[in-house]
Protein chains: 2
Amino acid sequence: MTLKQLEAFYWAATSATFLVAAQRLHVSQSSLSKRIAELEGQLRCGLFDRGGHRAVLTEAGQKLLPLARRMLGLADEMRTQVAQSSGLQGHCRFGVGELAALTWLPDFVAFVRAEYPDLVLEPYVDLGAALEQRLDSGELDFAVIAGYSSRSAIASEAIGEVRFAWAAAPALVRRQRSVTARLLQETALITMPAGAGATRLLEHWLAVNNLEPGRRLTCNNLAAIAGLVAAGVGLGLFPHGWLRQMAERGAVVELRSRPPLPPLEYTFQWRRDDTRGLLARMREAVAATADFSKPNPIW
Amino acid sequence: MTLKQLEAFYWAATSATFLVAAQRLHVSQSSLSKRIAELEGQLRCGLFDRGGHRAVLTEAGQKLLPLARRMLGLADEMRTQVAQSSGLQGHCRFGVGELAALTWLPDFVAFVRAEYPDLVLEPYVDLGAALEQRLDSGELDFAVIAGYSSRSAIASEAIGEVRFAWAAAPALVRRQRSVTARLLQETALITMPAGAGATRLLEHWLAVNNLEPGRRLTCNNLAAIAGLVAAGVGLGLFPHGWLRQMAERGAVVELRSRPPLPPLEYTFQWRRDDTRGLLARMREAVAATADFSKPNPIW
DNA sequence: CACTCTTACGGCACCCGTAAGAATC
DNA sequence: GATTCTTACGGGTGCCGTAAGAGTG
């Protein structure tokens, strides 16, 4: 019996498929399968029922799972308590919403690289809904996205909030500086796809205020949206701090709306059953760098 | 980091020397040393201070030790709770006093082999005092010997008692059937070496009753002593049940003493810091077979 | 047919044991 | 010099990844 086997078992048991678990551990799916088979041989009892389409834990496997979890937790504790390399090591795969990817991500990566030089970060950018699903399936260690998760297996903790403001090209709105029903009707509204936090926020605001935009244009890339807005294609929605920088260059002007958009709450989300010390450290690191409104330095 | 490394560290830390730990794990001392060095490399911190003659735990090592203990305990738990081979496996090295080796040992080995077919037993026969020392140094997992240990690191639990009786060749005592001061003076007293449980019991009895034997003859082999007694060389001391069988064949006769010899208490002894499930099982097995008075079947 | 897991197999890396070396008492 | 631990070095085993196979929905 080896730690590798137990690690393979743990991730296989808590991931959607063996393949997902294998990718997480950075081994081939074949290796992971063999590690588990080896463990089953050692314990002389099946841990997975391979009858169906996907392998599912047997009774013995379910008994073993908490033990394996404690075991890996102990291994973690050894590394952090004893190792004088006070840092974490290994890989950490996490999800980031598009907006956070363009504002907060560089700070976060820099912070973690300074704090834990031996930890390899693997950010994955996608919509919040997709990230939640990947979190649930075991592909990600954590995610930083807008709103709270509705899945019971996923825990969410508020980490910060972002204030959004409307933006448009100066030529589009001339001297107008507020969002009116008529403006919305006459111009396109450029947003992230449904499922993105900012879009959910916007939809809610529109419904509550009984407004409807004339044309909708969605794009899954916030930087592209900024370009579209600056080009006068339509109205956009951007974090406050970011928008200010764009406005200073005269690329866009900021518009006010009545009522103003509520702030969008960002949360740190992780699997409730994942008790590794890594997560507590990452939560701290996220909180320490939580400024989602900051303009991206490349702009 | 592997379980083998942690196992090596644990036994090295709790044994007198690396060599003892290596013998316990059935690997070469070189391998054990390298496993530990490897672990130190993984944790990036020294666990042993090799400055002196023997390696001694550093502060980090002392912090790691309880974690390693819990880890190995968990591994044990996995094997016993999950494995359908309901039994223990691996090696178990234990100490037995000479007397118990000739009476109780065969029963015990048979019992354990039936109950735990995958467990390899390695009995080591010696005097109680020597066994205690080996227990302390980490060479033995447990010992079954007379009396309680005085070492603080060793725990003792009463397991059973043995009643002794005097024996002599019929020709030596003629019609006399009791041990008198005169008989003791005139004939030799054949005992196990000092340090054996029965001998300690006897010394105490002699001192309390203010008696002194004429000649002493010690032998470290109880079977040999039986032969000597049967040959009329002197008086001997044997477990009650065993003596009865010898007496039935007419080889010896049983003598009574006033006051009679008190029973000799046998204990199961183990290292207080050894919390493996193996030990609890072995304690049960010892208790289940605790008949130290039974005649040896080979007689 | 797409997906998931297992089996076969060649290659490389790691770990073991023997034996010699360094250091302590 | 005896003991304890480390280092050097061949040899074998075990593990990995690629690729093909078997079974399910």
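In this predicted model, the surface near DNA strand C draws at least two residues from each of α2 (18-25) and α3 of chain A and α3 of chain B. Helix α3(A) gives the most to that surface, with five residues.

**DNA strand C**
- Of the 22 residues around DNA strand C, those that come nearest are T17(A), F18(A), S33(A), S31(B) and H53(B).
- The surface near DNA strand C consists of eleven polar, six charged and five nonpolar residues.

**DNA strand D**
- Around DNA strand D there are 22 residues, of which S30(A), S31(A), T17(B), F18(B) and S33(B) come nearest.
- At least two residues of the surface near DNA strand D come from each of α3 (29-43) of chain A, α2 (18-25) of chain B and α3 (29-43) of chain B.
- Ten polar, seven charged and five nonpolar residues make up the surface near DNA strand D.

**Contact between chains A and B**
- Chain A and chain B each put 22 residues into the contact.
- On the side of chain A that touches chain B, helix α4 (residues 59-81) of chain A has the largest share, twelve residues.
- That side of chain A holds 13 nonpolar, five charged and four polar residues.

**A sheet in chain A**
- Six strands of chain A form an open sheet with mixed pairing, in the order β8-β12-β7-β11-β9-β10.
- Its edge strands, β8 (178-179) and β10 (215-218) of chain A, each pair on one side only.
- Strands β9 (residues 188-191) and β11 (residues 234-239) of chain A run parallel and are joined by two bridges.
- Within this pair, L189(A) of chain A stands opposite L235(A) in β11(A).
- Helix α11 (residues 222-230) of chain A lies across β7 (164-168), β9 and β11 of chain A, and runs at about 135° to β11(A).

**Nonpolar cores**
- In soluble globular proteins, nonpolar side chains tend to be buried together.
- The largest nonpolar core has 66 residues, and A100(B), V144(B), A167(B), A168(B), A198(B) and Y266(B) touch the most other members.
- Leaving out residues up to four places away in sequence, A168(B) touches V173(B), V229(B), L235(B), V252(B), V253(B) and L255(B).
- Another core, of 65 residues, lies apart from it and includes I159(A), A167(A), L184(A) and M282(A).

Definitions and conventions: Residues numbered from 1 in each chain as written. Chains lettered and ligands numbered in written order. Predicted model: local features only at pLDDT ≥ 70, side-chain atom pairs only at ≥ 80, totals over all residues. Pairing = 2+ DSSP bridges. Helix = DSSP H or I, 4+ residues; strand = E, 2+ residues; numbered from the N terminus. Contact = placed C-beta atoms within 7 Å. Axes fitted to C-alpha atoms, helices over the stretch in contact; angles between N-to-C directions. Nonpolar A, V, L, I, M, F, W, Y, C, P; charged D, E, K, R; others polar. Near = placed C-beta within 6 Å. Core = buried A, V, L, I, M, F, W, Y, C linked by C-beta atoms within 7 Å. Buried ≥ 20, exposed ≤ 12 C-beta atoms within 10 Å, placed from the backbone.
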